[in-house]
Amino acid sequence: MDEPTLPQEVKEALLNANHVVALTGAGVSAESGVPTFRGAGGLWENHRAEDLATPEAFMRDPALVWRWYDWRRGLIAPLSPNPGHYALARMEKKFKQFTLITQNVDGLHSKAGSAAPIEIHGNIWFARCVQEGTVRENRETPLQVIPPVCPNCGGMERPHIVWFGEQLDQDKLGLALEALENCNALIVAGTSGVVQPAASFAGMARSAGAFVIEVNTERTPVTAMAHATIRAPSGEALPLLAKLAQTASGG
């Protein structure tokens, strides 16, 4: 397959950018083999993801919800970041300011070396005490105790994930919105552009004056808001953008 070609306006936008924001979605993780758990083919033991990833499901049967997350963690644990993840980690070091916002919960950006990704939907490798609200990392696979318990108070823990019907963490959202308002360029990679509020991020950044670059293998609602679209997998396109960032930084 031929290497994707970067449009000239993309090169100019990144060469002149001081603050770049990248927003990643499920398409980036899929290139590492992370399954899509929603929609067609997303059944687990005859349960739909949309029926398990809710506060109501957890209140009704916390053990069932945790068994599902334990299964997912087992699938994700052996997977490695792909070239797209590594490219974003390199870009972080090249621009004066670089902010990575991700909708993914698999932790692969951190595994690739990104210092502080804003994980707006949470992280599957963290658990939160339902009594104290304290959050801790837990990489035990498989989990020895389901549901896991808080080491501080002995209370039950839940996955540190934003479920359907829940609000995003307001601190994380605030950091994301501030970056979108102040960036020169936004790279939207591998996201369907239909899940709010991330679906609005491209329009917000563009309205604030940022140059919007979409990286996706197919057309999405983001396409209409983008100044330029690179029709290629993120694992192919993002390394090219990282190479361009090297030029931009003079490195």
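Where does P142 lie? P142 sits in the loop between β5 (135-137) and β6 (157-161). We will come back to that loop.

First, the ground rules. This is a predicted model: local features need pLDDT of at least 70, side-chain atom pairs count only at pLDDT 80 or more, and totals for chains, interfaces and linings use all residues. Residues are numbered from 1 along each chain as its sequence is written, and side-chain values use heavy atoms, with hydrogens and water left out. Helices (H or I, at least four residues) and strands (E, at least two) are DSSP runs, numbered from the N terminus.

Start with the sheet. It is open and has 6 strands, in the order β3-β2-β1-β7-β8-β9, with parallel pairing. Two strands pair if DSSP finds at least two bridges between them. The edges are β3 (118-119) and β9 (228-230). Each has a single partner strand, so one side of each is left without a neighbour in the sheet.

Now the pairings. Strand β1 (residues 19-24) runs parallel to β2, joined by 6 bridges. Next, β7 and β8 pair in the parallel sense over 5 bridges. There, A185 has F211 of β8 as its bridge partner.

Stay on β8. Is it covered or open? It is mostly covered, with 5 of its 5 residues buried. Buried means under 20% relative accessible area, exposed is over 50%, and partly exposed is in between (1.4 Å probe, protein chains only). In a regular strand the side chains alternate between the two faces of the sheet. Here F211, I213 and V215 point one way, and V212 and E214 the other.

Helices next. Helix α1 (residues 8-15) lies across β1, β7 (185-189), β8 (211-215) and β9. It runs at about 125° to β8. Axes are lines fitted to C-alpha atoms, for helices over the stretch in contact, and angles run from 0 to 180 degrees between N-to-C directions. Helix α6 also packs on the sheet, touching β1, β2 and β7. Its direction makes about 150° with that of β2.

How many residues of α6 (residues 83-92) are buried? The count is 7 of its 10. Among them are H85, L88 and E92. At the start of α6, a side-chain oxygen of N82 comes to within 2.8 Å of the backbone nitrogen of G84.

D106 is buried, yet has no salt bridge. A salt bridge is a side-chain nitrogen of Lys or Arg within 4 Å of a carboxyl oxygen of Asp or Glu. The nearest side chain of opposite charge, R72, is 7.8 Å away. Lys and Arg count as positive and Asp and Glu as negative; His and the chain ends are not counted. What D106 does have is a polar contact of 2.4 Å with the side chain of S29. That term means a pair of N or O atoms within 3.5 Å; within protein, one must be able to donate a hydrogen and the other to accept it, and residues adjacent in sequence count only if both atoms are side-chain atoms. Leaving aside neighbours within four places in sequence, D106 is in contact (heavy atoms within 4.5 Å) with residues including V34, I76 and W125.

Back to P142. The peptide bond from T141 to P142 is cis, with omega near -5°. The bond from Q196 to P197 is cis too, with omega near 0°. P197 is in the loop between β7 and α9 (201-207). Most peptide bonds are trans.
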